[in-house]
Amino acid sequence: MKHCGIIASVLLFVFLTLSLSGCWNRRELDTLAIVSGVALDKPKETDQIMITTQIIKPSQIKPTSSSGGETGGSSPYFNLTETGTSLFETIRKMTETCSRKLYWPHNHIIIISWDLAEEGIRKYMDLFIRDPEARLLVFILISKGQAKDILEEKPDLKKIPAMEIAEIVKASGATSFAPQITLKDFSERLLSKTTSPVAPIILLTGEGKGKRAHVAGTAVFKQDKLVGELDEIETRGFLWVAGKIKSGIINVECLQGKGQNSLEIIRANKKIIPEIKDGHISITIKIKEEGNLVNQMNNKDLSEPAAWEDLKKRQAAAIEGEIRAALKKAQELNTDIFGFGDSIHKKYPELWKEIEPKWDELFPSLETNVVVDAKLHHPGKLTKPLYPAEES
Amino acid sequence: MKLESGKISGSQLIFLAMGFIFGTSDIVIPVQAARQMGWLTVLSGALEALVFAAIFTALAMRFRGKTLIEFNDMIYGALFGKIISLLYIWYFLHLASLNMKFINDFFMAIIYPETPLVVLMIFLTLICASAVRNGLEVIARCSVLLTIFTIFFYIADTLMLLKESDVSNLLPFMGISWRAFLLSSHRAATLPFGETVVFIMIFAFLNKHTEAKKINLAIILAAIAVSMVTARNTAVLGNLTYIVTYPSFMALRQINIGEILNRMELTVTIMFLSMAFVKISLLYYTTALGIAQLFHLRSYLPLVLPLGAIIIALGMINFDNTIQDIYFSANFYPIYCLPFQIGFPLLSLIIAVIRGIPKKEP
Amino acid sequence: MFRSISKKIQFLKLLHQNPNPSGNSHDFPDFSQTQLTNNLNKNLSLLQDILGHSNDVNIREFCFGNQGKIKALLIFIDGLVDARIINESILRPLMYNSRFIDSGGKVTTDPLREIERSMLSVGNIKRINRVGDIVHNILSGSTALLIDSFCEAVIISTRGWETRGVQESKTDSIVRGPREGFSENLRANTALLRRKIKSPDLIIESRTLGKKTQTDICIAYLKTVVNPRLIKEIKRRLEQIKTDAILESGYIEQFIEDNPLSPFPSIDNNEKPDIIAAKILEGRAAILVDGTPFVLTMPMVLIENFQSAGDYYSRPYYTSVVRIIRYIAFLVGILAPAAYVALTTYHQELLPTPLLITMAASREGTPFPAMIEALAMGVVFEILREAGVRLPRPVGQAISIVGALVIGESAVSAGLITAPMVIVVAFTAICSFVVPALYDVQVIIRVILVILAGFLGEFGIFIGLLGLLVHLCALQSFGTPYLSPLAPLNPSGLKDVFVRAPLWLMSNRSRGMGEWDPLRQAFRLMPQQPEKDNE
């Protein structure tokens, strides 16, 4: 009798699957319009929103057709632009011009235009988190100028602009001149009462057809509204404190006016120690850095320990300078991008309840100490400068 | 003829109970209100549940080889015993349908927004029904494999998420009020852990009745695992943990190791489904067995498919929407379940001790 | 309608009344209990009636004894007997030597016994007077010697027909290990088994099955190791077989297996003596059937399909890797097409973007949904395989070339089928050959999973897998859970599941089977360096 049950359930299974035409969520690959990037703009006259999506045309990037080069096929992507009042409605409206339903999980970047960001973007981010199709590992970028134009950039190494921009953002770790902000980082900061979101800035450089995307600098928000920007050095100062430095080059002089030394950052980590004494708040930022010498452009003999120590100190000073610049800018803008507020909250949960309401007044004049412990390991393959040896 | 001739061993009980606890703990996290302290409220909730479990095991020791339904009659007499048994059967059935709803809601929210809920429910119910028809031994064997598999994934996923997690997200320590903390740990105690009251029906089928005590070990081990997962989710998601519907799922979406090991949310869906299978099968089984014992039927097999239909129907009408069921499990359930998890068992134990039943055989 | 039902009921009633369903008891008088008379001619005509007048039935009449006064006859089947034995060991001593016996002087109480003892130089002789047994013996290759005025026949074992010798097994070839395989000859097979296990504990019990074929079968087991309940159960099930013909061990398998409705086999078969010996040594029982090299062993557990004899002959490290690969291949074999269908039609977000784009590109313009493609390709592959298996090797190659070219190349370039699907199906097919014993099971599960995946995606696949797990957990083979030692979990049994532990670690027989003698070998057998002299 046991077996009858098995047979019955197997039969019921097959019957159910076959009869219930269960194709509710079925989408064959050739019914998808794969979105690789999206740009949000604000049309000038209205309070509507303009959305541009970049959609991949898979048939045009077939590996077999690549031998003929770009001449034969049309471009492997196209951009759709639509204007409307609400985000989701506008996206759905795109099916009026696109034969396939937009497919979001492979979206790589969200570009938001400067003026839209100034108005506040919380209401738009909600959709990108809430929708089951959307993923949190999307890069957020702020464009100077129209976001839509960025998606029309001509890619060099990849075939899709959005994917190339995502690669550029990832590659920015080599200089650490731009933060890599995913939707997850961004929304975590949006959810914090004091910590403000940031995003890298993207702009187009070059003329005419040869326009290239360029990612550098940081757009700084207050809550969800864009309030200012950090330049490249300030950005790195911010990344030191955020502990997100991956690599980068520090230029320091060791002989006044005679040329610089380039030092490569190998690894770095940070510690933020808030302290409250008698109601007085101070933040100590401790940075530990390790670097190598990669390029010497002067003739100072660095094989002497004293000279090497001096270089090390200058490196530390340069790092501290970067951090100071970032702190100064953030305090000017009165936006806590470093998460100092949250770090106080974590250490002094009781006192924080009193501090929180007046954090905005406290932050611009917050006392900060920067302690940099920089190390310099290798001089590379040379121990002495590439200059004729001086007779002693 | 005996309704269930199978026997399970102590170690099978451990895995069965762990799987049972994992069944909902990861899908419905009632400890979100505790924010950073979620992981600790899980542990303190488990401590509270250990008190419950002490009562369950005391009952099991007193009434060797008797299930809840059988000893209710001995304690309360035929009429009241039957009423209480009926209430319990309702509770198990209701729990089964709730879990059925939770798991299929999850699938609908994440992958199949356009698929009718009832289709997913029918498939899962059929599988559970086939397990129930095969009896306790088969459910126990399945649960051992599935639980080991789940624990393996808990650990593997946590290791893969180490890179993404930021331990400072777990701070501040005790940043919430005591009231919120206690409330939250009570929720944890009742939602996954206290539901082990269902094992009063299972203890009777142990090889050695003393092994019933192993339920404590299961609760402790499961609490450690659930706490680890909760802590991991908070560490990975930070503030987001408290607003997303399925934190584990969201956390695993963050895995990205060398662009190859990513999109591991599939493992979450596997774990959720297999653990929900264990939980629903066990509840389903106890319901069927309970009814058969209550009405002195010769076999529970004819009950299986009708009960499945009831579970589906109940699951469909339980809640209108997900918001309701989240609200229910966080605010109403911790009170609703109290008589079943602690009230009746404690009362039974007291009456049994006072009246000195079961009478010692000479 | 009702009439046909009532007819059926009538027929069933008839069947119940008649204990012999083949119904031939009406045609022939039942002779099995008839006894021989002491009249030679009567006996001869009786046997001739029973055996019919087939021309391979040889009846040799002759006279012997002093002055050739005693009439006798030999009955045997031509081709089943060794003519040399008959000529030299039966006829020659009887016809020549008997003349010198002085039978007149001494009166022997039992002349037949005298003949047996001093004249017939053949090893195996018995005396029978039941006609049924005589006929059975003649038909299985013995020679019956009937002597006038005696009501007993002397049955002389003269078996000697043409058989295939012991050859290398074709189905289970291994790199290291004995090459010999069983043959079709039951006695040769039991001999091969005896040569592996020279213990008096090895019991080989024999019986006959099949009303018409009268097939000899043997149950072999180790008396001290096997669970006696197992042997009892096997005998009980064998007794329930009431059939005309047992032509192969597969007949027996299908009559006595535990789970006739499951695709999973619950009785293992093999044609290699070393493997059968190993299984008997683990506490299993084997059934050898005359006329087939395939020997059944029971109880069977799932993991046996993943173990190969070579695993135990080679060192454990690489063996363990290979064993894990077998499990992976099995999983791929059942899951790959379903996973592909689910990924491409439901869970495209799980694919890395470049892969998705490539797959979408090859998908453009192909007409069929992925599920139909997977099912159709599966059918095409099964057709190719079936065509290739039955044909002689050169033709088979032609088929595989045509298949590869037509299906693999043209269908893709014509845009009928996506290229990734061809890869998936081909790889799946290769994987499913890694565990050949479960090939058929894999095909069935694969199809079910593809259908489930096509309609419900990943949820469907896991529902299917959970169903499979429940099914496997519920299966039993002669009282042993099919998934043991995995479920119920027995940690010490895991030494031989996913990895193969070194032999010196496997001191216990697997639980549930050989527990009557749980120790296989001593503990602490790990090879040690000789202790150094302290001089």
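These legends walk through several close-up views of a predicted model.

Local features are described where pLDDT is at least 70, side-chain atom pairs count only at pLDDT 80 or more, and totals for chains, interfaces and linings use all residues of this predicted model. Residues are numbered from 1 along each chain as its sequence is written, chains are lettered from A and ligands numbered from 1 in the order in which they are written, and side-chain values use heavy atoms, with hydrogens and water left out.

**View 1. Chain C as a whole.**
Let us start with the overall picture of this chain. Chain C holds 16 helices and 12 strands (DSSP runs numbered from the N terminus, with at least four residues of H or I for a helix and at least two of E for a strand). Its C-alpha atoms fill a box of roughly 105 × 95 × 50 Å along the principal axes. The radius of gyration of chain C is 31 Å, while a compact globule of 535 residues would have one near 24 Å (the value is taken over C-alpha atoms, and the globule rule is 2.2 Å times the number of residues to the power 0.38). Of the 535 residues in chain C, 46% are buried (buried means under 20% relative accessible area, exposed over 50%, and partly exposed in between, with a 1.4 Å probe and protein chains only).

**View 2. An open sheet in chain C.**
Here 5 strands of chain C form an open, antiparallel sheet in the order E6-E7-E9-E10-E8 (two strands pair if DSSP finds at least two bridges between them). At the edges lie strand E6 (202-209) and strand E8 (268-270) of chain C, each pairing on one side only. Neighbouring strands of this sheet are turned by 25° against each other on average, direction ignored (axes are lines fitted to C-alpha atoms, for helices over the stretch in contact, and angles run from 0 to 180 degrees between N-to-C directions). Look at E6(C) and strand E7 (residues 215-222) of chain C: 8 bridges join these antiparallel strands. Within E7(C), C:Cys218 is the residue opposite C:Ser206.

Helix H9 (residues 273-281) of chain C has 7 of its 9 residues buried, so it is largely enclosed by the rest of the structure. Among the buried residues are C:Ile275, C:Ile276 and C:Lys279. The side chain of C:Lys279 forms a salt bridge with that of C:Asp268 (2.6 Å, N to O) (a salt bridge is a side-chain nitrogen of Lys or Arg within 4 Å of a carboxyl oxygen of Asp or Glu). Because C:Asp268 lies in strand E8 of chain C and C:Lys279 in helix H9 of chain C, the pair ties together parts that are 11 residues apart in sequence. C:Asp268 is buried at 9% relative accessibility, and C:Lys279 is buried too, at 12%. Both belong to a network of salt bridges that also includes C:Glu282, C:Arg284 and C:Glu304. After H9(C) comes C:Gly283, with a positive phi near 110°.

**View 3. A hairpin in chain C.**
Strand E1 (residues 57-64) and strand E2 (residues 70-77) of chain C pair in the antiparallel sense over 8 bridges. C:Glu61 faces C:Leu73 of E2(C) across this pairing. There are 5 residues between the strands of the hairpin, where C:Gly65 has a positive phi near 90°.

**View 4. A buried strand in chain A.**
In strand E2 (residues 49-56) of chain A, 8 of 8 residues are buried. In a regular strand, side chains alternate between the two faces of the sheet. Both faces of E2(A) are covered, with A:Ile49 and A:Ile51 among the buried residues on one side and A:Met50 and A:Thr52 among those on the other. Strand E1 (residues 32-41) of chain A runs antiparallel to E2(A), joined by 6 bridges, and A:Asp41 stands opposite A:Met50. E2(A) also pairs with strand E3 (residues 77-84) of chain A, again antiparallel, over 8 bridges. There, A:Phe78 in E3(A) is the bridge partner of A:Ile55.

**View 5. A salt bridge between strands of chain A.**
The side chains of A:Glu290 and A:Arg267 meet in a salt bridge (2.7 Å, N to O). A:Glu290 sits in strand E12 (residues 280-296) and A:Arg267 in strand E11 (residues 260-277) of chain A, 23 residues apart. A:Glu290 is partly exposed, with a relative accessible area of 23%.
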